[in-house]
Amino acid sequence: MALWRMHVELEDRPGRLGGLASAVGAAGCNILSLHVVGEPGDDGAVTDELLVQVPEHVEPATLVDAVEVAGIPCTLLVRADATELSDPATTALALARMVAADPGSAPSAVATMLRARLVDPDGPSTGDVHTLRGGTQQIHVARPWPFTATELSRASALLELATQLAMRTPVRAPAADRTLLLRDGSEVRLRAAGPGDGPLVAALHARCSPASRRARFLNPAPRLRPDEQVALLDSALLAVTVDGGSAVGVANLTPDPHVRPVAARASVLVEDTWQGRGLGTALLRRMADLAVEQGVVELVGTARPDDVGITRLLRRAGLRPEAAISGTEVRLRAALPAPVA
């Protein structure tokens with residue numbers, strides 16, 4: 001079974017929703033969710049978004065034909081992901097709670113709400129690109145299909161909430177010893193790492209896949225050397241489960257006083273089962289904030305040529321990385337904003 005996102009223009013009159021369901025069923029497909037994403041047009045029709053389960057033997061064009069034969073225009077059909085099956089209202093409330101706890105997470109929350117990605121306005125981008133403004137904040141989002149006015153209105157409200165909260169709380173909360181709400185509604189506790197956290201970090205490293213370990217250490221070895229474990233605990237921020245029994249992520253910041261202007265190496269490791277929830281972005285953003293407070297002007301890092309995950313992570317954290325190939329490695333640099341007086 002494949003999951004597809006479908007937009008239809010549905011008239012507001014009796015029987016049309018039933019006709020849509022019958023047409024989708026006649027094509028051998030199944031509607032898993034439906035909600036309104038567009039405002040009424042001149043004829044009273046609204047844009048409804050469906051997540052439709054399509055069997056492998058059914059061509060997507062068959063689904064479109066069946067719906068349009070029923071007199072219902074189809075304006076979009078693109079592949080979707082199973083993670084999008086969460087209830088939109090529940091997701092919106094979880095994202096609002098995340099922004100309330102950390103107004104700085106608003107850009108990531110808005111992108112999640114719109115199922116879009118944050119983009120650089122000066123860089124190349126495909127699909128529909130839109131600029132959202134809230135107070136002094138301005139973000140740019142893009143996705144393969146068009147945004148509707150209803151969706152943008154909801155996203156703007158979330159961005160405005162972050163602006164109002166930031167105005168009321170001008171003092172930034174400390175990076176450690178706080179609870180972080182992730183985009184799927186789960187929670188972790190952020191705290192500074194200590195010498196006694198060696199077993200937690202070692203267990204985290206062992207649970208990570210070889211690919212995750214290679215992305216962090218350029219080496220998939222399942223065990224940390226003693227010097228690597230000490231380095232991981234130095235100036236580190238841990239993400240632990242709410243009960244404190246397991247570490248699910250760790251971030252480090254290692255300033256290099258010999259580089260002028262001052263640079264620091266930032267690194268993040270997140271357990272595979274906790275990836276995709278915004279934890280890596282949150283950890284990197286905390287490290288960037290800490291670096292700014294310490295007078296660091298840019299973050300640096302090293303990655304394999306086939307690893308683009310760290311570049312995406314930097315961009316989601318609001319930074320603009322530059323990359324240069326050096327032998328078999330890619331050297332990354334990302335300028336940090338000037339500290340606010």
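## Cysteines

Cys208 has a relative accessibility of 3% and counts as buried. The model that gives this value is predicted. Cys74 is buried as well, at a relative accessible area of 16%. Both values fall under the 20% cut-off for a buried residue.

A disulfide is a covalent bond between the sulfur atoms of two cysteines. With a cut-off of 2.5 Å between cysteine sulfur atoms, the count of disulfides is zero.

## Overall content

The protein chain contains ten helices and 15 strands. Of its 341 residues, 43% are buried. Among contacts in the chain with a separation of 6 or more, 62% are between residues 24 or more positions apart.

## The eight-stranded sheet

An open sheet is formed by eight strands, in the order E8-E9-E10-E11-E12-E13-E15-E14, with mixed pairing. The edges are strand E8 (178-181) and strand E14 (321-326). Each of these has a single partner strand, so one side of each has no neighbour in the sheet. From one strand to the next, the twist averages 25°.

In a regular strand the side chains alternate between the two faces of the sheet.

## Pairing around E15

Strand E15 (residues 329-335) runs antiparallel to strand E13 (residues 298-303), and six bridges join the two. One of the pairs links Glu298 with Ala335 of E15.

E15 also pairs with E14, again in the antiparallel sense and over six bridges. Here Ala323 has Leu332 of E15 as its bridge partner. E14 and E15 form a hairpin with two residues between the strands, in which Gly327 takes a positive phi near 65°.

On the H6 side the contact involves Gly198, Val201 and Ala202, and on the H8 side Gln229, Leu232 and Leu233. Four residues of this contact are nonpolar, two are polar and none is charged.

## Two individual residues

Pro255 is located in strand E11. Its relative accessible area of 40% makes Pro255 partly exposed, because that class lies between the 20% limit for buried and the 50% limit for exposed. Apart from neighbours within four places in sequence, Pro255 contacts Ala263, Ala264 and Gln294. Pro255 and Gln294 are 39 residues apart along the chain, and their C-alpha atoms are separated by 8.9 Å.

Is Ser108 buried or exposed? Ser108, which sits in helix H4 (residues 106-114), is buried, because its relative accessibility of 10% is under the 20% cut-off. When neighbours within four places in sequence are left aside, the contacts of Ser108 are Leu118, Arg183 and Arg285.

Definitions and conventions:
Residues are numbered from 1 along each chain as its sequence is written. This is a predicted model: local features need pLDDT of at least 70, side-chain atom pairs count only at pLDDT 80 or more; totals for chains, interfaces and linings use all residues. Side-chain values use heavy atoms; hydrogens and water are left out. Contact means heavy atoms within 4.5 Å. Helices (H or I, at least four residues) and strands (E, at least two) are DSSP runs, numbered from the N terminus. Ala, Val, Leu, Ile, Met, Phe, Trp, Tyr, Cys and Pro count as nonpolar, Asp, Glu, Lys and Arg as charged, and the others, Gly among them, as polar. Two strands pair if DSSP finds at least two bridges between them. Axes are lines fitted to C-alpha atoms, for helices over the stretch in contact, and angles run from 0 to 180 degrees between N-to-C directions. Buried means under 20% relative accessible area, exposed over 50%, partly exposed in between (1.4 Å probe, protein chains only).
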